[in-house]
Amino acid sequence: MSPAFQRRLPLLSTGAIFVALFVVAGLLYDGFFSTRVMVNLFTDNAVLGLTSIGMTLVIFSGGIDLSVGSVVGFTSIFVATLIERYHVPPALAALAALAVGGAFGAGMGAIVHFFRQPSFLITLAGMFLLRGCAFWLNTESVGITHPLYDQLAGFVLDLGGGLAFPVVALVLLGGLAAGGVLGHYTRFGRNLLAIGGSEQSALLMGLPIGATTISVYMVNSLFATLAGLVGTLYTGSGNPSFGLGLELDAIAVVVIGGTLLMGGRGHMLGTLFGLLIFGTIQSALLFDGRLSPWWGRIVVGALLLAFILLQRASLRRLGSKG
């Protein structure tokens, strides 16, 4: 097995698992092979998908971010409070949320870099901090009744043949395209992978480690903020508890997608496959109607463990050939 194929094996495995799951579900449940189900995979998982895009970039660099779920929840209640209580126009509220989210992510990235602290601990503190701020703003859900929200929630891009994408699915597709370009076709993305592969080597190569580290946490937090904005469109409300546990789901999606948890290797296409696997499992459980939703967690957990072991075996083979 060539080293090039060995590196692509996790991505190929993820793609094969998605196809196998989708085909099996389609054979078991009438109506599963439909454009509506396929579109719903993107619509119902838009918040998780956008969060996973940013998480992929952070993991490329060898970092981790546990604060993204809290960023989603804070954004949700922050925007709803601005619109409903202070009558701020939704566009301005969204810009304010993006500014706060970006600054928060950049601040965590700066602490990780300048104080040489583990990203796990810094973002864990950020998770508690921002979740507390969300509940400080409001302890209950706040409905959003602005006309612009009604228009956006009702907007559908009809491509014909039953293929119609609501706005939340379109935002996810745009985010995936942007994340793919950023991660694989820019110097920033190449720097992330280089730092994740070996920070010491990246330093010797003269790469801007500090600026890249701060930027990737900022970008990740912006994606999480965008996920929070999409969540308010999807639910029509803001909720301080929105996104609880979302950071763990995002990490699972990224790892199942074949991205190396230690950094240095991965692909945004794999994250898409990981998201589709997650969504297919949930959709199949809904179609079945007899199984508990917790079976989805069991399957995701088993796949996550399998991919961690696959990554370990792949690294050992590449190491022995090197």
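Me: Is arginine 116 buried or exposed?

Reply: Buried means under 20% relative accessible area, exposed over 50%, partly exposed in between (1.4 Å probe, protein chains only). Arginine 116 has 54%, so it counts as exposed. This is a predicted model: local features need pLDDT of at least 70, side-chain atom pairs count only at pLDDT 80 or more, and totals for chains, interfaces and linings use all residues. Residues are numbered from 1 along each chain as its sequence is written, and side-chain values use heavy atoms, with hydrogens and water left out.

Me: Which side chain meets arginine 116 in a salt bridge?

Reply: Side chains of opposite charge can pair when their charged atoms come close. The cut-off: a side-chain nitrogen of Lys or Arg within 4 Å of a carboxyl oxygen of Asp or Glu. Here the partner is glutamate 199, at 3.0 Å, N to O. The pair links distant parts of the chain, 83 residues apart. Glutamate 199 is in helix H10 (residues 199-204), arginine 116 in the loop between helix H5 (90-114) and helix H6 (119-137). Helices are DSSP runs (H or I, at least four residues), numbered from the N terminus. Glutamate 199 is partly exposed, at 33%.

Me: How many salt bridges does the structure hold?

Reply: It holds 3. One joins aspartate 249 and arginine 297, with the closest N and O atoms 2.4 Å apart. Aspartate 249 lies in helix H12 (residues 246-256) and arginine 297 in helix H14 (residues 294-321), so this pair ties together parts 48 residues apart in sequence. Aspartate 249 is buried at 13%; arginine 297 is partly exposed at 42%. Another joins aspartate 288 and arginine 290, at 2.9 Å. Aspartate 288 is buried at 14%, while arginine 290 is exposed at 71%.

Me: Now a helix. How many residues of H3 are buried?

Reply: 15 of the 15, so H3 is largely enclosed by the rest of the structure. The expected span is 1.5 Å times one less than the number of residues. H3 reaches 21 Å from its first C-alpha to its last, close to the 21 Å expected. Glycine 62 follows H3, with a positive phi near 90°.

Me: What does the side chain of threonine 56 reach?

Reply: Threonine 56 lies in H3 (residues 46-60) and is buried, at 0%. Its side chain reaches the backbone oxygen of serine 52 at 2.7 Å. Contacts (heavy atoms within 4.5 Å) beyond four places in sequence are with Val254, Thr259, Met268 and Thr271.

Technical notes. Helices (H or I, at least four residues) and strands (E, at least two) are DSSP runs, numbered from the N terminus. A polar contact is a pair of N or O atoms within 3.5 Å; within protein, one must be able to donate a hydrogen and the other to accept it, and residues adjacent in sequence count only if both atoms are side-chain atoms.
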